[in-house]
Amino acid sequence: MLLTAEKLTKKFGVHTAVDQLDLTIKDNECVALLGPNGAGKTTTLQMLAGLLTPTSGSIRFLGKKNIDRRFIGYLPQYPAFFPWMSAKEYLQFAGRLSGIPNKELQGKIEEMLSFAGLENARNKRVGGFSGGMKQRLGLAQAMIHEPKLLILDEPVSALDPSGRRDVLEMMNELKKKMAILFSTHVLHDAEQVCDEIVMLKDGKMKWSGNLVDLRKMQDGNHVVLETKEEIGHWLKTENYVTEYSFSSPREVELRLRNPGSRNRLLSDCMEKGLTITHFSEKGRTLEDAYLELMEQ
Ligand SMILES: Nc1ncnc2c1ncn2[C@@H]1O[C@H](COP(=O)(O)OP(=O)(O)OP(=O)(O)O)[C@@H](O)[C@H]1O
Ligand SMILES: [Mg+2]
């Protein structure tokens, strides 16, 4: 295990921001910390990055109690840049801080500028960068020393769709080389890069597991039926149908009592001489499953 946190707790005065959180990260695993505003994501990430002391609980990283910051890369939610520095100077600064030997640093900086698509902006002042460029530079800064764990606090939340796509693509490349823990309040972003999800609300873990498990929680009793002929009104008397709504006389969305009800529905259609042109599982979206878990 790369990182294990047990009963991690952070209190600010009487307010408990993170409450007895258990979390593990394996080598090369990508974990999304998902939760609404104020859930405790930033507080959790800061503790795991060794920037904030937990009130109680323990963290083991690389088998040790002390977090060795040389092996962690961190991108804050609101990174502060020196606006007068150029991209190259900023990476030089970040590289020195992380202790990269001088003779390796120039090569590293070139590699990072190219990875972040900032070769042509190398000598431009960061103050004039767009949000997307800043975030790509921030990501380059966080990984210049090839950490074992990259911690990213809402790396895409402030970006427009194309900036979002660029950063998510960078993360997809990076996860081949290192473990990534990143926070977001958008399930869709988590889906793009991660397999493991930890849902946080009011400082507590609400659910954790992989996307496959989350998808399994989608409901299979919601179906759509379309027929060549008009369906008619017999559905209302069938006790295996709990809800239905017609979008046209030939198309209906139904909620069935259980998965076995599907066969009854289909055989009733055939009995009534209806020709089925479409039958599919509507299911809840992943977003619905997420919201439901969060509201529990
Ligand atoms: N330094 C602090 N002093 C007092 N309270 C704090 C401090 N930092 C965070 N909190 C409180 O702890 C809770 C969790 O905050 P945190 O910033 O970790 O949430 P978050 O999930 O990152 O939210 P967001 O999505 O808005 O970034 C909030 O109620 C916040 O007000
Ligand atoms: Mg935050």
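## A buried serine

Ser 261 counts as buried because its relative accessibility is 3%, where buried means under 20% relative accessible area with a 1.4 Å probe, protein chains only. Ser 261 is found in helix α8, residues 261-271; helices are DSSP runs (H or I) of at least four residues and strands (E) of at least two, numbered from the N terminus. Leaving aside residues up to four places away in sequence, Ser 261 touches Tyr 240 and Leu 256, a contact being heavy atoms within 4.5 Å.

## Basis of the model

This is a predicted model, in which local features need pLDDT of at least 70 and side-chain atom pairs count only at pLDDT 80 or more, while totals for chains, interfaces and linings use all residues. Residues are numbered from 1 along each chain as its sequence is written, and side-chain values use heavy atoms, without hydrogens and water.

## Two domains

The domain assignment, which is automatic or from a database, gives domain 1 (3-216) and domain 2 (222-295). Their C-alpha centres lie 44 Å apart.

## The interface

In domain 1, 15 residues are in contact with seven residues of domain 2. About 870 Å² is buried between the two domains, and carbon and sulfur atoms give 75% of this area; buried area is the accessible area (1.4 Å probe) that two parts lose on being put together, summed over both. On the side of domain 1, Leu 187, Met 199 and Leu 214 lose the most area to domain 2, together 46% of what that side buries.

Terms used: Chains lettered and ligands numbered in written order. Buried < 20%, exposed > 50% of the residue type's maximum accessible area, 1.4 Å probe, protein only.
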